[in-house]
Amino acid sequence: MDAGEKVMEIIAREQHLDPSKVTMDSTFAELGIDSLDGVNILFALEEEFKIDIPDAVAQNMKSVRQVADSLTRVLEGKDVSDLAAMAKGGTPAVSN
Amino acid sequence: MRRVVITGMGVFTAIGKNKEAFFESLTRGHSGICRITQFDPSALSIQIAAEIPGYNPDDYFPAKRQDLLDRFAQFGLIAAREAMETSGITVKDEERPRFGVVMGSGMGGAGSFDAGYHSLYACQATRLHPFTIPKIMHNAATSQVCMEYGAQGPALSTATACSSSGHAIGEAFHLIKFGMADVMLAGGADAPITYGMMRCWESVRVLASGNGNPSTACRPFSADREGLVMGEGAGILLLEELTHATKRGARIYGELAGCGMSSDASHITQPTVDGPARAIRMALDEAGHSPEEIDYINAHGTGTRLNDSTETQVVKAVFKDHARKLAISSTKSMHGHMMGATGAAELVATVMALERGVIPPTANYTQPDPECDLDYVPNQAREKPIRVALSNSFAFGGLNAVLLVRRWG
């Protein structure tokens, strides 16, 4: 199973969605995923793959494909600093 | 002067999942105390509590909603739902800023705390679930109720242990009375029956063991009382400014006419006579009643040696000769000590007693104690018209809240 499939499976599970509704092209907005849901999905991915996803990367994720791409890079041990840079000025996942 | 009436009531308790079932259990002296089922209590010296029997969150909330709700917030939402339904109120959009919520909780999301720490310390987890904070925070129930009903006015949470919902209702009452809101949902919710919490309470040595017979474990004011029994659940009342209620033709269950609050400023667990007595006098003064006009007191009546004898002295100090004429009962003998929810559930019991002219008994009363020598309505409900009643809440930490309610009509 590639990262994309696993991401779709976890998003469907955590959001209590019909898996057929979640595609690689789905955006968080389309799936009704708010900032707190996003944090929950990242937690589930971290638990699943026993990895740490940096906060800066986490803040950049707004679609299934972005999550899958970021996850793949983290899993391959690649530098993710460009993702972190893209996230600069982005909205924090949670406030307060 | 703005007056405040009670136009909706909801409870979720071990002896009734709505107010009618609750009051029916109370009047027949039915205890909801059983062996703990939420976890295996075999290792505990105290293995009993008043749990909501057969509780299944799926009966009340979709899965996605449950993810963000600790058990205590679920209970709060369920009781709020009944309070809203029984009130028949529809809050218009323009009224929302004057519709608020005050709810108390002694322990907040105790179950989520327990689960989080278990994974952290026992299972060596290196990260905790991101919903932990939104579930455990004391204001979670208040916020969830605000969101559910679009209450955009004053909203806050109280955390004064056993008095939490007494204080919550008192605060909501004053917010309406002094013009900051017209409609308030007020009460409390708690779900403290976790392994960790039971261990904490066990060590204070104030819990009754039950000695193989859980249903009679809690015996307030009886000479053979052994202590309190933990409970769980929620109680919520809809409070409304009188003209707001009459304009919409609301059914009025009773008038909330006074609230007294005080601090013992003495000892972290041991109660005084003076502190609670001052709270009762303050409630009487605010409502403009003399002590002789009080017909019934729903006591704090935990069933501990110290609370019940001290509360008896408090009643004698305030009411003098009238102390022997008024009726006193502790419904904790049946629904257990629901902590931050208990004051609200007991106020619902008090209002229903006023409304129906039936005083719920103190269940499991077996023998008089020379230190508790008043009329505790032992074991049998009593039919008696009553006009004015008090509901007492005296917390660990010496923080007291007393509510005064009047029969309507």
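What distance separates the centres of domain 1 of chain B and domain 2 of chain B, taken over C-alpha atoms? The two centres lie 20 Å apart. The structure is a predicted model, in which local features need pLDDT of at least 70 and side-chain atom pairs count only at pLDDT 80 or more, whereas totals for chains, interfaces and linings use all residues. Residues are numbered from 1 along each chain as its sequence is written, and chains are lettered from A and ligands numbered from 1 in the order in which they are written.

Domain 1 of chain B spans 4-247 and domain 2 spans 258-406, with bounds that come from an automatic or database domain assignment. Their contact takes 61 residues from domain 1 of chain B and 53 residues from domain 2 of chain B; two residues are in contact if their C-beta atoms, placed from the backbone, lie within 7 Å. On the side of domain 1 that touches domain 2, the elements of chain B giving two or more residues are β1 (4-12), α1 (19-27), α7 (164-177), β6 (183-190) and β7 (233-241). Helices (H or I, at least four residues) and strands (E, at least two) are DSSP runs, numbered from the N terminus. The most residues on this side, 8, come from α7(B). By class, this side of domain 1 of chain B has 29 nonpolar, 26 polar and 6 charged residues, where Ala, Val, Leu, Ile, Met, Phe, Trp, Tyr, Cys and Pro count as nonpolar, Asp, Glu, Lys and Arg as charged, and the others, Gly among them, as polar.

In chain B, an open sheet of 10 strands with mixed pairing has the order β5-β4-β6-β7-β1-β8-β14-β13-β9-β10; two strands pair if DSSP finds at least two bridges between them. Its edge strands, each pairing on one side only, are β5 (155-158) and β10 (327-329) of chain B. Neighbouring strands are turned by 25° against each other on average, direction ignored. Helix α10 (residues 274-287) of chain B packs on this sheet and touches β8, β13 and β14 of chain B, its direction making about 145° with that of β8(B). Axes are lines fitted to C-alpha atoms, for helices over the stretch in contact, and angles run from 0 to 180 degrees between N-to-C directions.

Strand β8 (residues 254-263) of chain B has 9 of its 10 residues buried, so it is largely enclosed by the rest of the structure. A residue is buried if 20 or more other C-beta atoms lie within 10 Å of its own, exposed if 12 or fewer, and partly exposed in between, with C-beta atoms placed from the backbone. Pairing between β1(B) and β8(B) is antiparallel over 3 bridges, and B:I6 has B:G254 of β8(B) as its bridge partner. The pairing of β8(B) with β14(B) is likewise antiparallel, over 8 bridges, with B:S263 opposite B:L399 in β14(B).

Strand β13 (residues 388-394) of chain B is largely enclosed by the rest of the structure, because 7 of its 7 residues are buried. From β13(B), B:V388, B:L390, B:N392 and B:F394 point one way, and B:A389, B:S391 and B:S393 the other way. Strand β9 (residues 296-298) of chain B pairs with β13(B) in the parallel sense over 3 bridges, and B:N298 stands opposite B:S391. By contrast, β13(B) and strand β14 (residues 399-406) of chain B run antiparallel and are joined by 7 bridges, B:N392 having B:V402 of β14(B) as its partner. These two strands form a hairpin with 4 residues between them, and B:G397 in the turn has a positive phi of about 95°.

The largest nonpolar core has 131 residues, of which B:M184, B:V229, B:L237, B:L239 and B:L403 touch the most other members. Such a core is a set of buried Ala, Val, Leu, Ile, Met, Phe, Trp, Tyr and Cys residues joined through C-beta atoms within 7 Å. At least three residues are drawn from each of domain 1 (4-247) and domain 2 (258-406) of chain B. Beyond its neighbours within four places in sequence, B:L403 has contacts including B:G166, B:I169, B:L256, B:A283 and B:L390. Another core, apart from this one, has 16 residues, among them A:L42, A:V67, A:A68 and A:L71.

Chain A contains 5 helices and 0 strands, and 26% of its 96 residues count as buried. Between the chains, 5 residues of chain A are in contact with 6 residues of chain B.
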